[in-house]
Amino acid sequence: MLYEIVQNFFPHHGGIANLLHYITFRAGAACLTSLIIALFAGPSFILFLKSLGKQPIRELGPERHISEKADTPTMGGLLILFSAPLSLFFWGNLHNGFLWAAIIAFLAFGLIGFWDDFLKVAKKNTNGVPGRIRLLCEFAIAGGISIWIELLTPHELRNGVAIPFLKDVVIPLGTFFPIFAMVFIAGFGNAVNLTDGLDGLATVPTIIASLVFAIIAYNIGNRIFANYLGVPFIPGTGELTVFCAALIGACLGFLWFNAPPAEIFMGDTGSLALGAALGTIAVAVKNELVLCLVGGIFVVETLSVILQVFWFKRTGKRIFLMAPLHHHFEKKGWEEPKIVIRFWIIALVLGLLGLATLKLR
């Protein structure tokens, strides 16, 4: 809103108003604004979610979760869904199609997660929305977002996937691209969802990935920087920097209340939304493979579930003591803070490697 007012009524005004024309300034302001909103709104959200009920804990999960986490309210992702878009309303360029594609993917997947969480809380079970219906909704939304992004992208880059570490190399996927993008967005939403099993485990890797992609989006949306770095230039994607910054602020605010011992859980409401948002940003800036590197924690957690299910169906035996992978380490006797902090360290290293793909070409 502030950006729109300045753009329309003070297009050539100097001073503070001129700062709003800079993506970097608006990104910093969006991050700070969403953080403040989350910190102030957090206690009210916690009281409201406590009134709805408690998250049922899976009996097959780690034993300590039943005693330690049973009284903690879920659907805390609503705090993120509230803080980030409200911040973008003030600081985002609301005429930017890429920004709206990310916002809609973020909110739509958040609504699917809320639907799932609400059924779990209301019915006191761990099933939620039937898997097929949930996947159908996710693919429908992700498919629409993929086509939208495809139409916003320059024709020569429209159906391609950029290859990290190679200068100006884009693999054309043709008509297969929307399907690839649809699966990627929905898949990454579920990957973050699978990772969200311990206090703060998914939040900090999401913050790191958002920071990396804020930098990537800024460079890819700037013709001079894109040409210098040898990456595809996609007009309009620089605005996703503001979106990533708003996500970072909202996640930091949520983490304030989610830090061990958690006062609130993110639930599918937040994890699905964050994963879909990251997937959408990666598709928009043609860096899907880089997100697989930066979000390696999410990828490995998902692969651990796939391998566990596949191997158990074939042999009747398990590869891991429990999947996703973080539960395997819990079963081995690792304390929760040790698992979480070590995963954070790995996520930070992967984030640095992801940033290196901008220069090492």
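A salt bridge, as the term is used in these legends, is a side-chain nitrogen of Lys or Arg within 4 Å of a carboxyl oxygen of Asp or Glu. The model shown is predicted, so local features need pLDDT of at least 70 and side-chain atom pairs count only at pLDDT 80 or more, whereas totals for chains, interfaces and linings use all residues. Residues are numbered from 1 along each chain as its sequence is written, and side-chain values use heavy atoms, with hydrogens and water left out.

View 1. Side chains of opposite charge can pair when their charged atoms come close. The structure holds 6 salt bridges, and one of them joins the side chains of Lys120 and Asp116, with N and O 3.0 Å apart. Both of these residues belong to helix α6 (residues 97-123), where they are 4 residues apart, about one turn of the helix; helices (H or I, at least four residues) and strands (E, at least two) are DSSP runs, numbered from the N terminus. Asp116 also forms a salt bridge with Arg134, and here the closest N and O atoms are 3.2 Å apart. This second pair links distant parts of the chain, with Asp116 in helix α6 and Arg134 in helix α7 (residues 131-152), 18 residues apart. Arg134 in turn meets Glu138 in a salt bridge whose closest N and O atoms are 3.2 Å apart, and these two residues both lie in helix α7, 4 residues apart.

View 2. Are the charged residues Lys120 and Asp116 buried or exposed? Buried means under 20% relative accessible area, exposed over 50%, and partly exposed in between (1.4 Å probe, protein chains only). Lys120 counts as buried because its relative accessibility is 17%, and Asp116 counts as buried because its value is 2%. Arg134 is buried with a relative accessible area of 11%, while Glu138, at 0% relative accessibility, is buried too. Elsewhere, Arg26 has its place in helix α3 and counts as buried at 1% relative accessibility.

**View 3. The largest nonpolar core and Phe106.** A nonpolar core is a set of buried Ala, Val, Leu, Ile, Met, Phe, Trp, Tyr and Cys residues joined through side-chain atoms within 4.5 Å. The largest such core has 84 residues, and those with the most contacts inside it are Ile80, Phe106, Phe213, Ile216, Leu240 and Phe243. Helix α11 (residues 240-258) gives the most to this core, contributing 12 residues. Phe106, when its neighbours within four places in sequence are left aside, is in contact with residues including Ile80, Leu81, Phe243, Leu247 and Ala277, contact meaning heavy atoms within 4.5 Å. A second, separate core of 13 residues includes Leu201, Val204, Phe329 and Ala347.

**View 4. Helix α12.** Helix α12 (residues 267-284) has 18 residues and reaches 26 Å from its first C-alpha to its last, close to the 26 Å expected at 1.5 Å a residue, the expected span being 1.5 Å times one less than the number of residues. The helix is mostly covered, with 18 of its 18 residues buried. Just after α12, Lys286 takes a positive phi of about 60 degrees.

**View 5. Aromatic pairs.** Rings of Phe, Tyr and Trp (its six-membered ring) pair if their centres lie within 6.5 Å; planes under 30 degrees apart count as stacked, over 60 as edge-to-face and the rest as tilted. By this rule there are 12 aromatic pairs. The pair of Phe25 and Trp91 is edge-to-face because the ring planes stand at 85 degrees, with the centres 6.2 Å apart. Phe25 in helix α3 (residues 23-52) and Trp91 in helix α5 (residues 77-91) are 66 residues apart; Phe25 is partly exposed at 30% relative accessible area, whereas Trp91 is buried at 14%. Phe329 and Trp334 form a stacked pair, 4.5 Å centre to centre with 25 degrees between the planes. Phe177, Phe180, Phe184, Phe188 and Phe298 form one aromatic cluster.
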